[in-house]
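Good morning, everyone, and thank you for making the time.

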Amino acid sequence: MQPALQLALLLAILLPAGKFAASFCSRFGIPAILGELLVGVLLGPGAFNLLHLGLFESGRATSALLLLAQIGGFVLMFLAGVETDVDRMHEAGTTAFLVALFGVIWPFLLGAAVGHLFGLSWITACFLGGALTATSVSISARTLMDAGQMSSPEGTVILGAAVIDDVMGLFVLAFLAASITTKGESFGIAPMAGGWLQHHIPRAAAHPLIVQMILISICVTLFFVIGYGAARRWLDPLILQLRRLTANEAVPSCVLALVLVYALSAEWLGSVAGITGAYLLGYVFATSEYKADVERSFYAIGHGFLIPLFFVSIGLSSDYRALGGHWALLLATLAVAIIGKLIGCGIISRGEVGLIVTAMGASTGIFGRSEVAVMVAVVLLTTLLTPLVLRGAFHLSSQQDIEEGLTKGAPAQIAVVRQPISLPSETRPESAEAPPNQPMFRMRTSRGTDSVSLS
């Protein structure tokens with residue numbers, strides 16, 4: 001079968017399966033994201049092993065699917081940036097930084113200690129701890145979207161901390177990378193400049209870690225300053241010019257290209273994950289006058305096509321056949337992954353960044369098949385737990401707010417959403433009917449949603 005037909009068959013299987021599973025989970029109050037992840041698990045190498053069937057033996061369709069999934073991660077992070085409440089992000093800046101800092105320190109120390117206690121070498125144990133430091137920005141963002149908490153104060157701190165966590169995790173990864181010798185080609189300004197300095201300057205060759213950390217700090221700063229400044233200055237004028245084009249859907253097409261450019265720039269210039277660049281662009285879009293139009297267009301292509309593939313692909317990468325005899329290490333690592341993040345920042349999900357560190361350890365021989373299987377399982381299990389924990393935490397917080405409000409008699413903060421609604425006539429006494437010219441409104445409070453009459 002031709003690769004194009006193989007990819008078409010994969011998409012025809014995975015997209016409906018993910019949506020049906022998401023709908024099934026939603027009916028029982030389970031976050032929809034779990035449905036898409038579980039479809040990947042059931043069709044992955046640990047169960048049905050879809051990608052290794054004879055129909056897809058060439059592997060070209062599988063590679064194309066994984067590439068589409070990565071683009072789905074970029075689109076997801078762009079939408080997360082668009083939905084970010086910028087004012088609240090500024091207010092939560094210091095809090096988000098502290099949350100991210102503790103969310104890196106504790107998992108690394110606990111992970112390295114547990115790995116060494118189970119007989120791993122210190123370098124392998126440190127790689128294990130390094131893989132546990134990264135928080136999945138995309139998983140947290142999708143969960144907050146599904147829970148309707150993207151703009152809440154807690155959601156703002158969580159997402160801000162997760163983004164900062166990605167940058168901090170980069171320094172951990174740089175430390176680990178400097179401790180081993182790799183033969184692969186380096187991508188980005190920082191590793192290329194570091195290699196040149198170490199080759200031509202003896203003092204730089206004697207202190208590779210210090211050189212690499214300095215270069216990464218410079219590149220990260222340059223990317224955020226240039227990327228944010230350019231978007232703030234030129235984004236709205238660019239969209240205005242694109243709206244004048246007569247081609248169909250010119251704006252979303254060109255904005256998607258810009259998302260990919262920012263993702264590429266994040267890797268090449270800033271030496272940070274591409275999803276961070278996509279989020280930065282969306283963050284600037286959050287204050288744009290064209291936000292609503294762009295958001296509407298990207299919801300269709302994102303949630304209808306690319307984003308489900310991203311989450312299904314996480315399950316497809318899971319293989320439990322190498323876990324035999326290593327269940328104790330898995331349970332201990334999982335406990336550390338949960339406890340370390342709960343103590344540090346309260347966000348337990350791992351995702352693509354954790355898998356990147358795992359792949360790096362595998363490619364250099366630091367991780368064997370069992371360690372890779374353990375880390376993939378931990379990434380998946382924490383991903384599955386995150387929506388339940390976050391949604392439960394928001395629910396408990398809401399109940400606590402209600403109880404405190406009833407006790408203290410504090411008035412609720414009310415925001416009127418201009419959506420006229422109608423109530424069944426039999427549920428309203430005649431004396432309570434609204435005047436003919438007085439519409440009914442749905443009013444959202446900080447403790448829930450009530451329908452009242454503005455009389």
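Let me begin with a question: does Cys 219 count as buried or exposed, and what is its relative accessibility? Please keep in mind that what we are looking at is a predicted model. In this model Cys 219 counts as buried, because its relative accessibility is 6%, and the cut-off for burial is under 20%. Cys 126 is also buried, with a relative accessible area of 18%. As for disulfides, a search of the whole structure finds zero of them.

Turning to the chain in general, its secondary structure comes to 17 helices and three strands, and of its 455 residues 47% count as buried. If we take the contacts between residues at least 6 apart in sequence, 78% of them join residues at least 24 apart.

Now to the helix packing, and to the pair α1 and α3. Helix α1, residues 3-27, and helix α3, residues 60-82, have axes that come within 8 Å and cross at roughly 55 degrees, which makes α1 oblique to α3. The crossing in which α1 passes α3 is right-handed. On the α1 side the contact is made by Pro 3, Gln 6, Leu 7, Leu 10, Leu 11 and Leu 14, while α3 contributes Arg 60, Ala 61, Thr 62, Ala 64, Leu 65 and Leu 68. By class, the residues of this contact divide into nine nonpolar, two polar and one charged.

Staying with this part of the chain, I would point you to Leu 55, which is found in the loop between α2, residues 32-43, and α3. Leu 55 is partly exposed, with a relative accessible area of 43%, and, leaving aside residues up to four places away in sequence, it touches Met 1, Gln 6 and Leu 9. The C-alpha atoms of Leu 55 and Pro 3 are separated by 9.8 Å, although the two residues are 52 apart along the chain.

The second pair I want to show is α12, residues 250-268, with α14, residues 291-316, which pack at an angle of about 75 degrees with their axes 10 Å apart. These two helices are therefore roughly perpendicular to each other. Their contact is made by Val 251, Pro 252, Val 255, Leu 256 and Val 259 of α12, together with Val 294, Ser 297, Phe 298 and Ile 301 of α14, and by class it has eight nonpolar residues, one polar residue and no charged residues.

How values were computed
Residues numbered from 1 in each chain as written. Predicted model: local features only at pLDDT ≥ 70, side-chain atom pairs only at ≥ 80, totals over all residues. Heavy atoms only, no water. Axes fitted to C-alpha atoms, helices over the stretch in contact; angles between N-to-C directions. Helix = DSSP H or I, 4+ residues; strand = E, 2+ residues; numbered from the N terminus. Parallel < 35°, antiparallel > 145°, perpendicular 65-115°, else oblique. Left-handed = near helix turned anticlockwise from the far one by under 90°. Contact = heavy atoms within 4.5 Å. Nonpolar A, V, L, I, M, F, W, Y, C, P; charged D, E, K, R; others polar. Disulfide = S-S within 2.5 Å. Buried < 20%, exposed > 50% of the residue type's maximum accessible area, 1.4 Å probe, protein only.
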